[in-house]
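Trainee: I am new to this one. Can we go through its salt bridges together?

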Amino acid sequence: MAPDRRASWLKGVLDLLVLASLTRGESYGYEIAKTLADAGLGQIKGGTLYPVLNRLEEAGLVSAEFRVAERGPGRRYYHLTDEGRATLTEQSALWLAFDESVRTMLTQGADR
């Protein structure tokens, strides 16, 4: 049986998915991971998610703010910057064009 390649595919698009998850407004790591899981992408562990968030923040695509909580530990909230929104728009169009090409090839292969 062929290996499951979904984890590899996810790595290639996770930055884009994290940006997309922030279009509804600010969020914190656990909530972002839950949004992605609820979308059917599986469990994204902190060791995978937080480096993505740090990379996006360093690139100026998201900004972050630490807030002290009344109960429990504080949280780092992330929100999409204008540059992040522009990048999401641009990269989403590229991804969708790529997806269309992949679908075409897979459909042609399945028809043979």
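Mentor: Start with a definition: helices (H or I, at least four residues) and strands (E, at least two) are DSSP runs, numbered from the N terminus. This is a predicted model, where local features need pLDDT of at least 70, side-chain atom pairs count only at pLDDT 80 or more, and totals for chains, interfaces and linings use all residues. Residues are numbered from 1 along each chain as its sequence is written, and side-chain values use heavy atoms, with hydrogens and water left out.

Trainee: How many salt bridges are there?
Mentor: A salt bridge is a side-chain nitrogen of Lys or Arg within 4 Å of a carboxyl oxygen of Asp or Glu. By this rule, the count is six.

Trainee: Which helix holds both arginine 103 and aspartate 99?
Mentor: Their side chains meet in a salt bridge, 2.8 Å from N to O. They sit four residues apart, about one turn of the helix. That helix is H4 (residues 82-110).

Trainee: Is arginine 103 buried or exposed?
Mentor: Buried means under 20% relative accessible area, exposed over 50%, partly exposed in between (1.4 Å probe, protein chains only). Aspartate 99 has 24%, so aspartate 99 is partly exposed. Arginine 103 has 56% relative accessibility, so arginine 103 counts as exposed.

Trainee: How many residues apart in sequence are the parts tied together by arginine 67 and glutamate 26?
Mentor: Arginine 67 forms a salt bridge with glutamate 26, with the closest N and O atoms 2.7 Å apart. Arginine 67 lies in strand E2 (residues 62-67), and glutamate 26 in the loop between helix H1 (6-21) and strand E1 (27-28), so the parts tied together are apart in sequence by 41 residues.
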